[in-house]
Amino acid sequence: MQIRFTKMQGAGNDFVVLDETQGRLGLSTAQYRFLADRHFGVGADQILTVRPSPADGIDFEYVIHNADGGEVEQCGNGARCFARFVHDKGLSGKDTLRVQTKSGVIAPRLTPDGRVTVDMGCPLFEPAQVPFDASGLTAVAQGSGQKWPLALDGKALTATVLVAVVSMGNPHAVQLVDNVDTAPVLEAGPLVERHARFPQRVNAGFLQIVDRTHVRLRVFERGVGETLACGSGACAAVAAGIRLGLLDKEVHVDTRGGRLTIAWSGAGTDSVFMTGPATTVFEGQIDIPDTPL
């Protein structure tokens, strides 16, 4: 099967975007995995699919598959690329969209400076909402937030780390580190991602606080590995930092792929807003095997 695609990136988090507004492609898990493969396919952290409105008051449906082919609930950097794609392709003339994701409705907005702002919804901190199994654990209170002890045991690392657990429509575990450059992201990341206390696995964030308005972040993403940026991870990290009393209400997040700006009032009923770049890299078409290896 031959399909057309657009390659995009947001702060280095890269995507293959597919247009299914005129009909479903019907791709299998293996075919999504093939598209994301950097040797045999196009190469991407996630595959983003644009589908028609599923209900009144909604402009589009936004479907996300990770590089391992699994469907996931949310992708913040992808949401910005999604908005740029539908605008540039003439699928919508609106500057602000209402988009249905697996975890709820988000509202990306194109800004005059060419960046995109996304209403990412309210962060959730209750362990069951993440979901996180906190049974038998005692949280460490800090500010208005909590950090949970998480025992890691693997070939490369044995340790107990403290994590703030957050859902931004997808699960995150954020740990504070002194320096993201020397943090054991590749050793601890897989252990956190697949820890038994996270029944749906988790995105593992490593947060370095520079000052109250500036942080550095690395994220080992669920089903992908470390990426150059993670939008929902940036939102989760800043929300956790604000709850712990360490950050102000607007924070610049420097990732290895670029800068995102995250704003949150700190109120549980208020949304987190993320602003950052969204860029088209190239377009093309590719033959996808019916049964990729």
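Ile262 stands opposite Met274 in strand β18. The model is predicted: local features need pLDDT of at least 70, side-chain atom pairs count only at pLDDT 80 or more, and totals for chains, interfaces and linings use all residues. Residues are numbered from 1 along each chain as its sequence is written, and side-chain values use heavy atoms, without hydrogens and water.

Three bridges join β17 to β18 (residues 273-276), and the two run antiparallel. Strands are DSSP runs of E, at least two residues, and helices are runs of H or I, at least four, numbered from the N terminus. Two strands pair if DSSP finds at least two bridges between them. β17 (residues 258-263) also pairs with β16 (residues 250-255), antiparallel, over six bridges. Glu250 has Ala263 in β17 as its bridge partner. Two residues lie between β16 and β17, which form a hairpin.

Now the aromatic rings. Rings of Phe, Tyr and Trp (its six-membered ring) pair if their centres lie within 6.5 Å; planes under 30 degrees apart are stacked, over 60 edge-to-face, the rest tilted. The count comes to six aromatic pairs. Phe60 and Phe82 are edge-to-face, because their centres are 6.1 Å apart and their planes stand at 75 degrees. Phe60 is in β4 (residues 60-66) and Phe82 in helix α2 (residues 76-88), 22 residues apart. Phe60, Tyr62 and Phe82 form one aromatic cluster.

Phe132 and Phe198 form a tilted pair, 4.9 Å centre to centre with 40 degrees between the planes. Phe132 is buried at a relative accessible area of 5%, and Phe198 is buried at 3%. Buried means under 20% relative accessible area, exposed over 50%, partly exposed in between (1.4 Å probe, protein chains only).
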